[in-house]
Every structure is written in C-alpha cells, then in structure tokens.
Amino acid sequence: MLDKFAGGDDSQKPESVNPISTSSEWTFELIQEYDRAIGALADEFGLDTYPNQIEVISSEQMMDAYSSVGMPVGYNHWSFGKQFISVENNYQRGLMGLAYEIVINSNPCIAYLMEENTMTMQALVIAHASYGHNSFFKGNYLFRSWTDASSIIDYLIFAKNYISRCEERHGLNEVEAVLDSCHALMNYGVDRYKRPYPISAIEEERQQQEREEYRQRQLNDLWRTIPKLGDGAEASNEKRFPEEPQENILYFIEKNAPLLEGWQRELVRIVRKLAQYFYPQRQTQVMNEGWATFWHYTLLTELYRRGRVTEGFMMEFLQSHTNVIYQPSFDSPYYNGINPYTLGFSIFSDLRRICEDPTDEDRRWFPDIAGSNWRETLHFAMRDFKDESFILQFLSPKVMRDMKLFCISDNDQENEIVVSAIHDESGYRQLRENLAGQYNLGNREPNIQVYSVDTRGDRSLTLNHTQHRRRPLSKDTPEVLRHLHRLWGFDIHLNSLNGDEITASYHCPEQGRDRQEGEEESMLIPKPI
Amino acid sequence: MSYIIDRRLNGKKKSTVNRQRFLRRYKAHIKKAVGDAMNSRSIMDMDKGERISIPTRDISEPLFSHGNGGHTERVLPGNKEFTAGDRIPRQPPKGGDGNGGGASDSGEGVDDFVFQISQEEFLDFMFEGLQLPNMIKRRLAGNESFQVVRAGISNEGTPGRLNVIRSLRAAHARRIALTSNKRRHIRNLEESLELEEQKESALRDQRKIEALKSEIAELRKRVGRVPFLDDFDLKYNLLIRQPKPRSRAVMFCLMDVSGSMNQATKDMAKRFFLLLYLFLQRSYEYTEVVFIRHHTSAKEVDEEEFFYSRETGGTIVSSALKLMRRIMRDRYPDSEWNIYGAQASDGDNWNDDSSTCHRILIDDIMPHVQYYSYVEITPRDHQALWEEYESVRALFPNHFAMEQIVDVQDIYPVFRQLFSQKVTARC
C-alpha cells in the first residue's frame, strides 16, 4: 500500500519546505497549528465534520476512559471495574500499549490525546480521530439514523443520575442484579427498524415519569384475569401474544414483563438505549477504521507533499501507520482475526486507485466506479453502507490478492476441512460473499426471538432460536436464560430450531429438578427478583 | 473550529467506584486468597498488598453466542500453499483456537483473572468482620486535637467568612425599617397630588401641585440616601474549635523466650502479635505497644529486640505479669487508656508459679484491661498454666480469651476467632 510513497515518486516530494515543527515535543500551540493545517486540508478534500473538541489527558485517564467504553460519563457497575483492573494490569506489566486515541460520537466530537504521545502521534491522532472518524460519524447513514450525537452526553448524564438514585433508594444489590441481567441481553436490545427520537436529559426525566404510569396501565390490561363475557367462542381461536415474533428482547421485557417495578423497567430501558447507541459501531468497524486510517494517511502525506512536515515526522508516522495496518497471516501466533484497519484501509485505498488509475480488470468488476471522481465515490461508499454491504460492494480482486484471502468450509458432518475458494478468478465472488457474511451481525450472533407468552396459564415465556447453518448455541446459554428469568419472573423456554425441527431445548428453571436446588448452585447465579 | 482542552489536571480516579464494586462482588474469593496469603507470608510483609486470582469462569459475563459445530465458512488472510478444493485434516480442538470466524469468544484459554489489591484493601479484607471487644473508652486527652465546627453567625469576622445571604438580608431589613415612615408619607402625598391633578384645569391649584411635587422629590432623595449596605449589616459565619475526644490504646505483648520455645514456636508467636498490632492500629487512632519478654525474669524491650534477639533459660511466667502490672500502674492509668494484653507461650511454666499468675491476673490485671488473650503454641497436652487460665476465663468470660495454636495454619483462624464480632460469639 505504501509503495507509492516509498518508491520516491516525484509527485510525492515536497514542493517547498516550511515545516510546522521540527521537534518531537508537543505544545498546545503546535497542536492548534497542526489542527488548523489538517482541518484546512480536510476541508479541501470535502470532509464534513462536527466541531472538534480535542482533550489532552494522562495515561491513567486513558485507562479510565477505556474501561467505560470511552464514554465521558458512565453509570457505575462492577463490570467496568473488572475491565479497568485488567487494563491496568496489562498496561503495568507492559503486555499492551494504550490506544493512541479514543473518539466519541458526539457533537462536538470529543477526541482524547494522550500526553505521552510525540508531536507526530498527536498529529496522526488529530487526522485519524478528529477528521476521519468524525466525518464518518457525521456522514454514515447508520450513525445518522441510529444515534443522536447532540443528545448522547445529556442522556448519559441522565442515566448516571437515575441509576445512582435507584441505588440509594433500592440498594446496590438490587440495582446491580437488574443491570447484570440487562447486560447479558444487551445485544438483543436494538430496534432495527425504528428510528429513535433525540431528547435532552430534562425532557428524558419528565417522560420517564409519564412512561412509568403508562406502562402500568398497559400491563394491567395484558395480564387481566377477569374473564370476558361470552368467552366461549373467542377462547378457542385466541391470538398468540406477541402476534409477531419480537427480536428486541429487552424492549419486550421493558414493556411486558409482569413483575418488574417502574424503576427496574427504566434500567432496562437505559441499557437498551446504550445498546442502540453502540449498534452502528458494531456494524461499521471495518468501514469506520478503514475510513479514518485512509484519511490520516492521505492528509498527512499531503501535508508532507506541501512541505509542512519534515522527513523525520514522516518516518515516525509511517512506522506507526504500518503497525496499525499490519495483518498477521492465519498461521502466525499473533493472528487474531482479520484486522479491520487493514481491510478497511486496503478497500478505501484501492477504491481511490480504481477511480484514478483503473486497469481492465477494474473496468470489468466496477464499471460504474472505474475512472470516476474518487472523492465522490469514496464519500458515497462511506455514507450509504455498513460493513457487510460495503465489502460485498467494494472488495476488489486486487485487495483479495494482496491480502491472500482464502475461504475454508468447516462442516461438522465431514471429516476434513475444505478450502472452498482462494484469491483466483473462480474464487473472487465466493470469497467476497463469505467475507461479507462474516460481518453480518445476523450471522455473527444467534438469531433469538421472543415467540410467545402463555398469558392465560403459567405466564411462561418461549423464545425461538433459528439456527444459521446448524450452528448450535454456546455453553453460556443456560446462564443467560437465568438472567432472562430474573427479569421476566416466570419460566423461560428456549427452543433451538433447525428448519422446523427442534434440535435443542433450554429451560429455566431447569425442568425435572427441584427449583430451590437449581438456584443455589453457585453464589453468582442470579436469583429472581 | 476546534477546541483544545487540557484535562490532565482532572481527577484520574474515575474508575475507583467501579473497582470497589468489583471487589465487593468478589469478596468471597478475595477473602479466601487473603486468608491463604496470611499463612504463607513471612512476618515482615504481613501488611503488603496481594495478588488475587479468580477463575475466569466465575467472572465471565454470559452472552448468547454460537458454540462449536454446524457448518461454518471462514475467510482467512495469508494463504501460502492452498488452492480451491484442498482438504485439510481436522485438528483436535485446543483452547478456543478453532472458532475464530463469527463467534464472539476469542478463545482466551482458561487463565485465571489476576489482579493486585493494595495494602489498604488487603488489610480491610484481613480484618473484615473483626471487632475489638466493644469497650472503647474515649476521653478528652489534653489539647492535642481540635475539630473546627460551625457555630452560627456573628457580627465580626474575616472577609473570607462573609455570609452573603445573611448580610443582604440584614441590609434589606435595615432599609425597610429606616425608610418606612418616609415612604408612607410619599404615598399620601402622591394620592393628594393625583386628586389635585384629576380636577378640571380651571380648578387646579398649580402652586399646591408644585409644593407637593417638590416635597415628594425631597422625600425620595432622603429615602435614596439610606445606604444599600452598611457596616453593621455584615454577618460572618462563626467557626469554633472543639476539642475532640480521642481513643488511645496500649497493647502489652508478652512472649515467652525460654529454652523450651524453639524458633518455630517463636515465629508463630510473632505472627500472632503482628496481626494483633496491625489490627489495633486500624481500630484506634493512637496505639502504643509495650513489648515484654521473659524467661525466668521479665524485661521490657523494643520491637527489634522483641522479635529478633535470642535468649534461653527457664520459665517463670509471673515475672512478665508482674512487670506488666508495674508498667500499667506507672504509665497507663486505666482511666485514660484502653489496655489490651496478649500473651504467647508454649505452656511450660515453673510449677508453683502458675497459681501466682492466676492471682496476679485476677486481682491486678483483669479489672483494668479491655481484653486479654492468651495463645498457647504447642502440639502437646496442656499443663498447669492452661488450667489456671481456664479458671480465669470462667471469671471474666467477656474479657478473657484463650486458644491453642498447633501450626502456622492455625494462626489466622484463631485470630479471627478471638476477635470475631461478639454478636456472633454469643449465639
């Protein structure tokens, strides 16, 4: 990827030399100057960003930010403590370096710089986070429709205050129990088809009270036990509840769980809202990192071309850059999945190449794009896709060849693993489809939906798991069901379906055993509220 | 437009609460680790922090995810020799290596979750649930420590303690009081002025109007002259210094260093004393320790000598008790001090001496001390001393405790037993 620069192409040589700084020490004035230079360049390239808020922090503060998933305000929970302890341990023992930056999807866009970084690294981070990620947050359709950058901080403040009030009123243990259970189901708390409304913290508080009353009224209706008049005929063709299977399990619980109290429902809602806020990030990792990496590379090489940074700066920058996009091969001990930075950066860089300097192959594969305006094409790719569709649409044969991708098919009904496609003419399409599928959240996470509730009987909740290529559920499943049981308050059944055939069933409390016994297995198993 | 903010001076301990939540949740695990550590540590680093290790299984947060099996297609980078259609024999699954792909667990083996707790936290866990027998005397000990408390409002003070609200309220009251007469007068004049002006122009008395107007203006001016804020409006917060009662404790450590005590036994005794010392330090703001060692005669020594110097000889326990009695009388009147005694020995004593010990304890020591504990470090049968002490325990069941220690493993449990909260001890 870097051969163009390293090859000493004359167009990359600086026109005139007038560097912003020559030392590796940073100062606030220099940061400001780099920010201004990079910002002006980003403008030239047409990057549309939120205003930036760049905060310089120490490494301890970085560890704090790490363990609260980068959120500047977070509610208190032991799992963040666990995260913090392990980050602190690893850092102190030198097992890992801290990330150079953390950036928050908010308006203004907050980026953290670590004080230990050199001037080069600070400039890299500014280009990467404050202009790369920032423009992605502002431009990508998922972020635009799923998150509201201007209200997230307010909402976090509301959540933190609400949860600490609950802790005062109902006790730490009670609150922790509900949050634990919600966290276990966090990935099943997203409305995929509705766009949420942005509201401020004060508004949120007012609405929260209204909601509480409303919910109670609704619930009472659902669980009405008084028989209706003239029941006889209706009872036989009674409708299933819910009428359609529900994929948003947390939402279903918030609205329908029979025994939860108002404040507990609100906690469910808070976790659900945060899950929704993070949902686009989980779906755009490759694109987001690729976009930011592409732009820090493009912006800083452009700065060099204009003579605003020194060669020493470039050497240091290129070293970090190559570290970031290093992809160990599958048999290396360092292999830990496909590096999203590498994949994203390669696709975006190759897109630019296809636009500027297309080959015959490119014209065949990308007739619409080859030779078009690269800025517009890249912006289009950034705006209207998520990882899955982005890869399916833009992964080019050249990138597959460069990364030497191959696909293996692992079927537990056969004795051997088959290499089903490699980076050659006959394999490109299948390779691309499979890689895209790998980033489809629907394939990555088991598809589990609320199927029915026995409203007239024992109030038990039944979930269906629709298997993806016969893949079973993991060992954690009974554990998660216990959490679900705690929230729902009555029996839980989970059927794992391959087509129409039930291949496995999970129950909580486990069937055929004495309930008390089952619940006392371990001190950490949640008890029903 | 970018804002650049220096946040380095903000607090860095944002995660402390979450860390404490974590410790709280895994108390049972940590306590066990602390208990184990107590037995395996050398004496000198009793009060250091500790590495705690918790099985990953116990702290994992469960999620719905795919298990192994079914049919998976995975794309991997870095192909070297494969071509389409190659068959690779399945390798036996090891760790979580085989399920990269879509599954969320990255196969992190089964290592324990290991982390460090600080000295403070270590001691918290070590002494958690322990209590000194609840007979804490507090008294006003001279004029050493004061507490600054609020004591209402005063008229004098330094500008730094100015109470703005009270001052403005006083100023407001003063202004009302000083001007109410005049303002009432103004109101009356204004009414008559209005009456006059409402008359038809022919009937109006221009001169009267002028006079009224000038009188109103004059009064207004005088009202305006009352100052907004005057010196005597100023109110100050009053702070006074209150002497603070302090609790003081003295601990007597009595150790047998006679020939019958071998090095291992002494080590155990030292461990016990050290635990006790750490515990007292945490319970009292001010603790003094008196070290007494004895063989046939007792001697007050400093810490270094108490723990490390060697001596041999016969055993007369009462010599130590006598010395303790003398020191108590001379230096630690029981009206001012919480007195604790701890004695360790192997139970050997000069035969006639045990009854003397009994007498000294009952007559001169027990009435003055908060708590007296005796540990006998011996694997053998008890001797006369133990029996005499048992009768002391019968007389002072709440103030006297005795236990036997056989080997190092017993020290911490015995210690916990001696000082476990009395509520549980009674039932």
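Strand β4 (residues 406-411) of chain A is joined to β3(B) by 6 bridges, and the two run antiparallel; strands count as paired if DSSP finds at least two bridges between them, and helices (H or I, at least four residues) and strands (E, at least two) are DSSP runs, numbered from the N terminus. Within this pairing, T72(B) in β3(B) has D410(A) opposite.

This is a predicted model, in which local features need pLDDT of at least 70 and side-chain atom pairs count only at pLDDT 80 or more, while totals for chains, interfaces and linings use all residues. Residues are numbered from 1 along each chain as its sequence is written, and chains are lettered from A and ligands numbered from 1 in the order in which they are written.

Taking residues as in contact if their C-beta atoms, placed from the backbone, lie within 7 Å, 53 residues of chain B are in contact with 83 residues of chain A. Among the elements of chain B that each supply at least two residues of the side touching chain A are β1 (2-6), α1 (16-25) and β3 (71-76).

| Domain of chain A | Residues |
|---|---|
| domain 1 | residues 3-140 |
| domain 2 | residues 155-223 + 240-282 |
| domain 3 | residues 340-443 |
| domain 4 | residues 445-519 |

The centres of domain 1 and domain 3 of chain A, taken over C-alpha atoms, are separated by 28 Å, and their contact takes 5 residues from domain 1 and 4 residues from domain 3.

L142(A) is found in helix α6 (residues 141-146) of chain A.

Definitions and conventions
Contact = placed C-beta atoms within 7 Å. Domains from an automatic or database assignment.
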